[in-house]
Amino acid sequence: MAVKWSRALPSVPSTVTVIKDSAGRYFASFVVETGPEEGLAPVTPEVGVDLGLGHFAVLSDGRKTDSPRFLRRAEKRLKKAQRAPSRKEKGSRNRDKARLRVARAHARVADARREFHHQLSTRIIRENQAVAVEDLAVKGLARTRLAKSVHDAGWSQFTAMLEYKARRYGRTFVRIGRFEPTSQVCSACGAKDGPKPLHVRQWTCAECGAVLDRDINAAVNVAKAAGLAVSACGAQVRPGFVLAQRDEAGTHPKPHPTTARQAGIALLQVGEEVKPASSSAPGDLLDGYRAALFVPFTAVLLASALSAYGLLRRPRSRVVARESRVGTP
Ligand SMILES: [Zn+2]
């Protein structure tokens, strides 16, 4: 039997289990000994994550990540393929073959999705000391007919990865339950200005004048509800033109003490939090230029971070399970 190794085993395995899945693929699980986990050096950034339908994940630092295009295409193809077996005669060989094809396609999509979740969760855990996501049960309630079990399954796999990787590498992971929809609260000043229809992707806070991106605003609010020290500037598409005190402009929010990181308590902090760090006086042209430069600069940063990521190693698991593909017979 041909064996395709995805990586070398760290030690001689004590047991080997061979599994055949519904797609007819064989897997070998090895139980191996590994040394102590390599630690990660502490870092400063803390981040909130908003999981959505438009983008897969939006971070409170302003980064938006979609599922890779090939994965979205494969998911679409799979949906079509799933109808094929029912068109074949019951009990026929063709029906069996069609069913196996669907199972194979399923397995491929699931593998690609898991790989994508691994890469993104590893990157987030490496780059941030603390990560907050909202409880998906809460999210589920908020969604109506847009709800899709595929997304739910993907989200819980992804947040589970964040959670175990955080534990393994000494990062903080917080799951928050919310009482207010994040789109109703300005992440810059805490003003609550009511629900907005889904097509509203951007709005200007009536209170402080910050121009807010719906998804990033939500991610910042998730982070704040978890008591993380995040700056609200990420949520702002451009600084609000507001009558700020001259000496206020350019101040930065004080980071929260990291001990107060409990969901619930932190809700009280929304509202007493941040002066919009980049709010400027009207007619301040220099700030206008800065804002105009900010957006392309962020895009370049994101692009270079993504390409640099390809060089990062994936974390090793203690038990290398279902990792080594043995190939189809
Ligand atoms: Zn505001």
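User: How many strands form the open sheet, and in what order?

Analyst: In this predicted model, the sheet is open and has five strands, ordered β5-β4-β3-β6-β7, with mixed pairing.

User: Which strands are at the edge?

Analyst: An edge strand pairs on one side only. Here the edge strands are β5, residues 64-65, and β7, residues 172-176.

User: How does strand β4 join β5, and which residue in β5 is the bridge partner of Ala57?

Analyst: Strand β4 covers residues 57-59 and runs antiparallel to β5, with two bridges between them. Ala57 has Thr65 of β5 as its bridge partner.

User: Which helix packs on the sheet, and which strands does it touch?

Analyst: That is helix α6, residues 214-225. Helix α6 touches β3 (46-51), β4, β5, β6 (130-134) and β7. The direction of α6 makes about 125° with that of β3.

User: Turning to the helix pair, at what angle do the axes of α1 and α3 cross?

Analyst: Helix α1 spans residues 69-81 and helix α3 spans residues 93-127. Their axes come within 10 Å and cross at roughly 155°. Angles over 145 degrees count as roughly antiparallel, and α1 and α3 are therefore roughly antiparallel to each other.

User: Is the crossing of α1 and α3 left-handed or right-handed?

Analyst: The crossing in which α1 passes α3 is left-handed.

User: Which residues meet in this contact?

Analyst: From α1 come Leu71, Ala74, Glu75, Leu78 and Ala81. From α3 they meet Arg101, Val102, Ala105, His106, Arg108, Val109, Ala112, Arg113 and Phe116. By class, the residues of the α1 contact with α3 are nine nonpolar, one polar and four charged.

User: Why does Ala81 count as partly exposed?

Analyst: A residue is buried at 20 or more C-beta neighbours and exposed at 12 or fewer. Ala81 has 16 inside 10 Å, so Ala81 counts as partly exposed.

User: And for the chain as a whole, how many helices and strands are there, and what share of residues is buried?

Analyst: The chain has seven helices and 11 strands. Of its 329 residues, 26% are buried. Among contacts between residues at least 6 apart in sequence, 72% join residues at least 24 apart.

Key:
Residues numbered from 1 in each chain as written. Predicted model: local features only at pLDDT ≥ 70, side-chain atom pairs only at ≥ 80, totals over all residues. Axes fitted to C-alpha atoms, helices over the stretch in contact; angles between N-to-C directions. Helix = DSSP H or I, 4+ residues; strand = E, 2+ residues; numbered from the N terminus. Parallel < 35°, antiparallel > 145°, perpendicular 65-115°, else oblique. Left-handed = near helix turned anticlockwise from the far one by under 90°. Contact = placed C-beta atoms within 7 Å. Nonpolar A, V, L, I, M, F, W, Y, C, P; charged D, E, K, R; others polar. Pairing = 2+ DSSP bridges.
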